[in-house]
Amino acid sequence: MKKTIRRMLCGVLAVSLGLALATPVTGYAQVKKIESVYVIANPDGSTKSITVSDQLQGAGAETGTLKDVSDLTDIKNVKGDEEFDQSGQNLTWNLNGADIFYQGKTEKELPVSVNIKYELDGTEMSAQDLVGKSGKLKITVGYENKTGKIENINGKDTKIVTPFLMATGLILSNEHFSNVNLDDGGKVIDDGSKSIVICVGMPGLMDSLNLSKKMKDKIGDKIKDEIVITCDTTDFEMKNTFTLASANLLNSIIGDDDEDSIIDMDEIDDKIEELDDAVEKLDDGANDVENGAKKLSNGTGKLAKGINKYVNDGVKKLTAGIKKLGENAPKLKKGVGKYVNGVDSFADGVKAYVNGSSQLTDGIKTLSSTLLSTDTSQLTELISGVEAFSQGIAAATNEDDLNKLSNGANSVSEGIGTVNSGLASLKDSYSNNDAVITGLETALAANQKVLEGLKAAKAGGAQGLDTAIATLEQTTAGEKTAIESLKKLTEGQKAGVDKLVTATSADGELRSGAESVANGVKTLTTGLISMSSNENVQKLKTGVAKITAMIPLLIAGVKKLQDGAVKLSANDKKLLAGADALKKAGNTMRSSIKKLGGGMTQLTEGAEKLESASNDVVKGADSLNKGTGKLFDGTKKLSDGFSKFRKKAVDKLLDFYQSDIRDLVDSLEETIDQGKEYKSFSGIDAGMDGEVKFIIETEAVKADDV
């Protein structure tokens, strides 16, 4: 059966306020037996006589005969002249176009009873004994429900009673009663001349509802089996009391089968189960958030350590190296200047060498011409020629010029090697720059992921992340700036240095040409010096005599010497061109070293910015680590708090629903069914609907009756 808990509770409360006296709703299509049981009782509520009045409502719309059931005696039609036939408890009424009203007597036990107890100044006594007395009076109106059967409710055997709602009215004259009060379960109305007291009870319902002790403690005072009235009495006497009892009033208040106003308990069970599942998921989610925050806190801790190590072991060493490189840049520039000056000296020496070589060639030509144009008798001229040759050799082998030429060639070769080594070291720093750029890009990507995670956590409702997000956004902006500056600086360096590296490499034309020239100059210088020694010239002069005898051989030798001189002078243009190219390369190097100086300035400035940005990154990482630590503490408190909330609130709520509300509702369903099944006191035909009410009237107690 379906029902609404809210209407049930409102109904019980309404009953406690006296709304139980409302008239039941009628209006049924079939014949309905409306039964009123009138009980005349003693002042204490004990029964004296019972009269039952029955109305066969709707019989006026029927024709023929109507079957009825009744265990009453002395049955008589009290309103019409319809007759009936009786066979035991079975009655057959002859209908005459009107509802039938009849009465009868019975002595069987009532399903409910009322018991009124009187105490004066703490002493219990009968109403008759109270007549004429004064003092503090206590009247206890008790109700008893004598119905009930055992039903199994959710595994518990429970006595389910017919839910009689009983209301007792007392009229207490102000002449004999004052200061009238009562506990919960009724209401007092004082109109100035009398106090009207209405007591309401639902006997046996507390046991039928199968309530837990906790529920009984909470609502037990709202569903009463007895009501206590206290007052002051003077010359006690009391009028009749009237008690109404009905099993249909509760159904009228709670509702019958109105599907639009009821809730399916199966649906509530589903919602309760959904609530349990949702709370469990929230509990698991809170634990996941706590674990995630813990991992995030550990991760940011490692990130902070890594960034510190990266800054201390990487960035600071890099910036220190860049600063040192910047400090050594002037030395490099000075060394390149010396090298270029050496190149110029070498080129000048090459030109001097070419000039000397030209003079030597001319002397050899003169010697050859003389030898070829003279005979043995012209020895004097030969000697003169030899003398001229000796002077030419001396001119070509001037010691200062040869030393300059040799030193210049060596300086050029060594300077090119030194420059190439320095450039190689400088080029090696590119990998450091690339490593720094890679490290910064990795840190930037990690920071961006952390930033996205923090923004997602903030969007999910997490608190206290604004500072960490702002700091990390500043950090990522600084990293981006540092990366772009370092990339531009590295590209500028590479553009200038690569040209110098190529020109001064071991297999470069500049270096190989310089080494060839240096080796050639060395060989030439050695030969010329050896040739120009005084000993050799003297030997030449001494051997003139021998030469005279060997003129043919000498001519042949001079001819070969002339041929060699021609070949030697044939390379003079290439040597001069190489010297010019070497000078141009020196000028290019001088220009490049200036650019390198500007690049070193940018590199140094970039290193300072990088170091500053790295310090900001360290501070941001430390702040982020502290923030995630606080976030973890907060999520742990959230998780612990939610677990406590689940145990102390939700689990108790679910347990309360299963152990109290569910049992209450199921028991109430059975109780309401019992009320619906109770249709008559004296009997009713199986095919007839009905309702019954009991009116118990106690006799008045007056001084005249004593």
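Helices (H or I, at least four residues) and strands (E, at least two) are DSSP runs, numbered from the N terminus. Keep that in mind while you click around this predicted model, where local features need pLDDT of at least 70, side-chain atom pairs count only at pLDDT 80 or more, and totals for chains, interfaces and linings use all residues. Residues are numbered from 1 along each chain as its sequence is written, and side-chain values use heavy atoms, with hydrogens and water left out.

**Stop 1**

Select Asp277, which sits in helix 6 (residues 265–373). Asp277 has a relative accessible area of 35%, so it is partly exposed. Here, buried means under 20% relative accessible area, exposed means over 50%, and partly exposed is in between (1.4 Å probe, protein chains only).

**Stop 2: salt bridges**

Side chains of opposite charge can pair when their charged atoms come close. How many salt bridges does the structure hold? There are ten, where a salt bridge is a side-chain nitrogen of Lys or Arg within 4 Å of a carboxyl oxygen of Asp or Glu.

Pick Asp68 and Lys33 to see one of them: their closest N and O atoms are 3.2 Å apart. Asp68 is in strand 3 (residues 65–69) and Lys33 in strand 1 (residues 32–41), so this pair ties together parts that are 35 residues apart in sequence. Are these two buried or exposed? Asp68 is buried at 2% relative accessibility, and Lys33 is buried too, at 0%.

Next, select Lys108 and Asp71, a salt bridge with its closest N and O atoms 2.9 Å apart. Lys108 lies in the loop between strand 7 (100–105) and strand 8 (112–120), and Asp71 in the loop between strand 3 and strand 4 (73–77), so the pair ties together parts that are 37 residues apart in sequence. Lys108 is partly exposed, at 30% relative accessible area, and Asp71 is partly exposed at 25%.

**Stop 3: Thr147**

Hop over to Thr147, in the loop between strand 10 (135–145) and strand 11 (149–153). Thr147 is buried, with 13% relative accessibility. Which residues does Thr147 contact, leaving aside neighbours within four places in sequence? They are Pro111, Lys159, Val161, Thr162 and Phe164, where contact means heavy atoms within 4.5 Å.

**Stop 4: Ala686**

Finish with Ala686, in the loop between helix 14 (572–677) and strand 19 (689–698). Ala686 is exposed, at 83% relative accessibility. Then show Val69: it is 617 residues from Ala686 along the chain, yet their C-alpha atoms are separated by 8.8 Å.
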